[in-house]
Amino acid sequence: MESKPLYNSRIIRSYFEYLNVHYPEIDIYSILKESEIGAQEVADQGHWFTQEQINKFQKVLSEKTNNPSLAREAGRYLASAKGSSIIRQYFIGFLTPITAYRVLEKASATISHHVNIQTRKINDCSVELTVFTKPGVKEGPFQCENRQGMFEGLATVFTKNYATVEHTSCIHRGDKCCRYIVSWEKVSFVLWKQLSRYVSLASAIATGGLFFLLPTSYWIMVLLALLLASSLVFLNAERLQKINYATKVTTQGDIANQLINQINRRYNDALLVQEIGQALSRILDIDQLLLHFMNILQKRLDFDRGLVMLANNERTHLIYKAGYGYDTEEGAYLRQTAFNLDKPGSKGAFVVSFREQRPFLIDNVDEFKNSLSPKTLQFIERIQAQSFICVPIVHEGKSEGVLAVDNILSNKQLTQSDANLLMGIAPQIGIFLHNARMYEKIRENEEWFRAISENAPDIIYALSREGSLTYVNSAWEEILGYPQNTVLNQPFTNFILEEDLNSYTETFRRIKDNQETVRNTTFTLRDIHNSPRLFSFNGAPNTNDRGTVTGIVGTLKDITEQRNLENQLQHASKMEAIGTLTGGIAHDFNNIIQAIGSYVELLMMRKADQDPDFRYLANVNSLTRRATDLIQELMLFSRKVESKLHPVDLNDEITNLYELLSNTIPKMISIKLNLENDLAFINGDHSQLGQVIMNLAVNARDAMPEGGILEIMTKNVYVNKNIWPDGNEIIKEGAYAMIGVRDTGCGMHQDTVEHIFEPFFTTKPAGKGTGLGLSVVYGIVKNHSGYIVCESEQRKGTTFKIYLPALEIHGEAPRIAETAKAAATAGEGTILLVDDEVSLLETGRDILNHYGYTTLSASSGEGAIEIYKKEGSKIDIIMLDLIMPGMGGERCLSELRQIDPEIRVIVTSGYSANFQIDGRFDKTITFFLNKPYRIDDLINSIQTALATRPISSIQ
């Protein structure tokens, strides 16, 4: 029960009255601070204090006054005729003490909830009062003493003297209740009335007895004398009674006037509170509301001037914000004045009031000059203040500023009641400041959210419980094309593709019913053009303050482009894997074809043209060359062959191929050239680019079996920003020379277009194509750092567009001179053949011997080094294969160079990527020969190598 409110604030205010009379030197607000009681709480008549607070208050008072009888003396004063407290006012209306004591049972409940009082009349001048504490209440002994004092003092309202109180039982002595026998003196007019009755009775008895004893004349004189005495006693009793009644009426009138004044003041205060409340409800700007607040104070309160000073954002200074009653010059001074809050030694009234959250009532500045800071004194002198009240503006235990008032014109005395009133008003300013700042923060948060939402690259949405759109940001219109205001209140399912509806419905149910948060689920939505766009869906339940799900909020990230890029990456990875496989097996194929071709050519050299077998050998040789070309196409596709790039004019290449195309393409197909003048040069390989055009033209021919139009075009193109045609890779920004090959043939389905560049994929019947044509085209374009795009529609034809990076070259491109091959003639010299393929060693030896050369052979790098160490002086040329088991060709070549730096070396390989790409041996070899090679190529290479100076001489 110590934390339960039990005692009304009027008890504490009544103590203040007692302290002001008997202990004026005590600072009441320091007592409140030490008691942890707020002055604004005391000013609020509806506030109730706990037992713990009352105990602290009494303890501090006892320490300050050092008076052990303080509680009893305060009780006497509070109920006595000297006091003007609520207790005295409550009982003074009764005519007799007995009536006043009887109503204590009910009166006590208006100021305290901790006890019950029972009253029993003993006689006209005494009563028995029994006090029971309520369950759970543990009052202090001082409260018992305070009650005794009040019981004693209550009699002074009627008798001018304290009552006598006998404390027969006490809960603090172990009894169940406190019992008091209260006795008081009779009221004077009651005594005189009793005396008048006694005098009248005695006079009647005396006159009756004397009637028989005295003569009539004397008896009449005695009768008249007794009547006169009785009348005098009665008249005095009546006089005293009237004086008592008059005093009561006067007192009641004064109390009524006080109550009327209180009613008027409270009515005015109620209007003040009402107007403040209305201002709080409609004005949310701090500066505007403080001005309005000052206008209300000026109209409703009797103060000449008032001001509000608030702490700045850094809480280092008190700054003037609003006021009234000041002239222009004083107003300008106030706006330039600030009080430091960050100096611990500051003693200014405003700063101390702010820091310690207590009010100041300075009724005469001259008396307090020694206790005020120089800056405060300067401030007071500047605004000519004689007295002032300063109260802190506090909200939830935090100081926000100060409110100050003074009277300079009316010279009306400032009172403690004024300070109490202001202590009740100041928290309203604190509440307003808090609300205004919260509103400003909410408004800033809304603007911040709006800025984020409207500038977010992804769609932010909100759905109702029924699944209708209640909010979308501007990204919705930017991505999908629908205006924001046209989609609100529409079901989200209106925009989802039919095949995703079931999945979305299940996801929506999980979020709404199970309150799950769903991340990175993909759905396809239709844009305003009815085109599908893939989105990553993120959603979470939107709940109110009661935890009820009111809908769904989340984001939609457009991943259409990302998914296209992923598909392209997967496609590129697949093509790279195929290319790696192709390059890996090309070496073995080349060795096999080299052996077959060499055997065939050896046989053909030994047979005459008229030999029956010569025709078969020639056919085998032709097929071998076709196999060689096929392997070269595979190497081009896998980009294992380095292109020899030079500046090329595409218009010239297409013009040179035109005659060949005219003879190759059937006559029912019309060939049109649409070439742009001044076409930009590109860095390219003549033969490979020709192969691209020929492959595309042949494909176009096959797509038009009944005839049509084949158009080849060129155009200068500049891509302003990265673009990605549907289903194709990104074309980076830059300048390009574009080659276009368009036919009016049967066209292709989109599914077919997605696979046309894959090796061995073909739509032609078996035996009509290898499926490598477009794969080779794709490989050549990539070797040229270009891009190829296919656009096709069934029954409307196909267009291939190739974008090749443009060169900044003006005029005519340089021509590449053809190197004339030397005729294969007989020679002389010793050649060391190094190869792990026995068949190649055998055919190579026979071919070289046929042309007059002496040969040595080794099947490994280790064997070649051993032979060279023995026969090195006789060996003129070494023919070395790069790819061999064991030591391998590269290491063998390195060690041979260490033995003899001037040796001539012809490197052969069926897989030349490593050698050609990094060029590590450009200065250590004499010639390079790709497998499979023809006999003429071999003999020409040997003759060229023999005619070349040794490496050391070249270096």
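Modeller: Happy to! Let's start with helix α9, which is mostly covered, with 12 of its 14 residues buried. Buried means under 20% relative accessible area, exposed means over 50%, and partly exposed lies in between (1.4 Å probe, protein chains only). Helices (H or I, at least four residues) and strands (E, at least two) are DSSP runs, numbered from the N terminus.

Before going on, please keep in mind that this is a predicted model, where local features need pLDDT of at least 70 and side-chain atom pairs count only at pLDDT 80 or more, while totals for chains, interfaces and linings use all residues. Residues are numbered from 1 along each chain as its sequence is written, and side-chain values use heavy atoms, with hydrogens and water left out.

Which residues of α9 are buried? Among them are Phe-142, Cys-144, Met-150, Phe-151 and Leu-154, and the list also includes Asn-146, Arg-147 and Glu-152. As for length, α9 covers residues 141–154, and its end C-alpha atoms are 20 Å apart, which agrees with the 20 Å that its 14 residues should span at 1.5 Å a residue. The expected span is 1.5 Å times one less than the number of residues.

Now set helix α4 (residues 51–65) beside it. Its 15 residues reach 21 Å from first C-alpha to last, close to the 21 Å expected. The buried residues of α4 include Ile-54, Phe-57, Gln-58 and Leu-61. In general, an α-helix has 3.6 residues a turn, so residues three or four places apart point the same way. After α4 comes Asn-66, with a positive phi near 55°.

Positive phi turns up in loops too. Asn-530 is not a glycine, yet its phi is positive, about 70°. Asn-530 sits in the loop between β15 (518–526) and β16 (532–543), and it counts as exposed because its relative accessibility is 52%. Asp-678, also not a glycine, has a positive phi of about 55°. Its place is the loop between β19 (669–674) and β20 (681–684), and at 71% relative accessibility Asp-678 counts as exposed.

Finally, look at a hairpin. Strand β23 (residues 787–793) is mostly covered, with five of its seven residues buried. Seven bridges join β23 to β24 (residues 797–807), and the two run antiparallel; strands pair if DSSP finds at least two bridges between them. Glu-791 stands opposite Thr-799 in β24. Three residues lie between the strands of this hairpin, where Arg-795 takes a positive phi near 65°.
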